[in-house]
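Please consult the sequence and the structure shown here. The briefing is intended for a reader who is new to protein architecture.

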Amino acid sequence: MLYTRKEISNIYNSTYQLNKAIYEKKIFKIQNGIYSDEEYVNPLAVVTKKYPKFIFTMDSAFYYWNLTDVIPDKFCLAAKQTSIRINEEDIKQYFVDDEIFEIGKTILKVENTEINIYNKERMLVELIRKKNQLPFDYYKEIVNNYRKIANDLDTFKIAEYISYYKNEEILFDRLQSEIY
């Protein structure tokens with residue numbers, strides 16, 4: 001099980017006790033502020049524990065939703081505009097307007113870890129919004145996989161999500177021509 005610094009201090013009342021437990025291998029320091037009762041921990045679980053309010057998006061979300069077989073080289077996390085900037089090599093941070101940050105947020109179990117992630121409908125909107133920023137082959141692979149599941153998507157949610165953006169008509173036209 002993973003623990004934050006605050007959680008571990010409820011178990012070990014002093015730095016001495018914590019250091020003793022680490023020395024005796026009863027607890028393991030995974031990163032600054034993250035501890036575990038297991039020596040090896042899934043990096044996904046560490047990121048989720050360390051940043052519980054952030055939401056997986058873009059490359060990570062496409063991969064976890066099985067819309068691509070390209071394993072992301074970084075964890076892609078959405079954060080509110082007012083959030084702190086993360087300075088970690090294995091994390092790519094996307095800042096999202098606070099008003100639309102929670103829209104489409106859901107929970108998905110990946111590798112025995114429950115993560116906050118945008119649903120497939122929100123990710124479809126993000127895909128068509130960022131079409132020009134993605135490699136062509138990667139974009140086409142994801143579009144083709146969306147076409148396969150198009151009938152399972154909630155079109156009302158997609159229309160609602162698109163309505164939050166200024167270029168609503170362009171996004172809707174792109175959605176119609178690319179997916180449906």
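The points below cover the nonpolar cores, a central helix contact and the strands.

This is a predicted model, in which local features need pLDDT of at least 70 and side-chain atom pairs count only at pLDDT 80 or more, while totals for chains, interfaces and linings use all residues. Residues are numbered from 1 along each chain as its sequence is written, and side-chain values use heavy atoms, with hydrogens and water left out.

**Nonpolar cores**

- The largest nonpolar core has 50 residues, and Phe 56, Phe 62, Tyr 64, Leu 124, Leu 127 and Tyr 146 touch the most other members.
- A nonpolar core is a set of buried Ala, Val, Leu, Ile, Met, Phe, Trp, Tyr and Cys residues joined through side-chain atoms within 4.5 Å.
- Buried means under 20% relative accessible area, exposed over 50%, and partly exposed in between, with a 1.4 Å probe and protein chains only.
- Apart from neighbours within four places in sequence, Tyr 64 is in contact (heavy atoms within 4.5 Å) with Leu 44, Phe 56, Phe 75, Leu 108, Val 110, Ile 115 and Ile 117.
- A second, separate core consists of seven residues, including Tyr 3, Leu 18, Ile 27 and Tyr 35.
- In soluble globular proteins, nonpolar side chains tend to be buried together.

- Helices (H or I, at least four residues) and strands (E, at least two) are DSSP runs, numbered from the N terminus.
- Helix α5 spans residues 120–129 and contains Leu 127.
- Eight of the ten residues of α5 are buried, among them Met 123, Leu 124 and Ile 128.
- Leu 127 has a relative accessible area of 0%, and therefore counts as buried.
- Beyond residues up to four places away in sequence, Leu 127 touches Phe 62, Leu 134, Tyr 139, Ile 142, Val 143 and Tyr 146.
- Leu 127 and Ile 142 lie 15 residues apart in sequence, and their C-alpha atoms are 8.4 Å apart in space.
- The axes of α5 and α6 are 11 Å apart, and the two helices pack at an angle of about 145°.
- Axes are lines fitted to C-alpha atoms, for helices over the stretch in contact, and angles run from 0 to 180 degrees between N-to-C directions.
- In this contact, Lys 120, Met 123, Leu 124, Leu 127 and Ile 128 of α5 meet Tyr 139, Ile 142, Val 143 and Tyr 146 of α6.

**The β7–β8 hairpin**

- Strand β7 (residues 105–110) pairs with β8 in the antiparallel sense over six bridges; two strands pair if DSSP finds at least two bridges between them.
- Two residues separate β7 and β8 in this hairpin, and Glu 111 in the turn has a positive phi of about 50°.
- Ile 107 stands opposite Asn 116 in β8.
- Strand β8 (residues 113–118) is mostly covered, with five of its six residues buried.

**The three-stranded sheet**

- An open sheet is formed by three strands in the order β1-β3-β2, with antiparallel pairing.
- Because β1 (2–4) and β2 (28–31) stand at the edges with a single partner strand each, one side of each is left without a neighbour in the sheet.
- Neighbouring strands of this sheet are turned by 35° against each other on average, direction ignored.
- Three bridges join β1 to β3 (residues 34–36), and Leu 2 stands opposite Ser 36 in β3.
- Helix α3 (residues 43–50) packs on the sheet and touches β1, β2 and β3, its direction making about 30° with that of β1.
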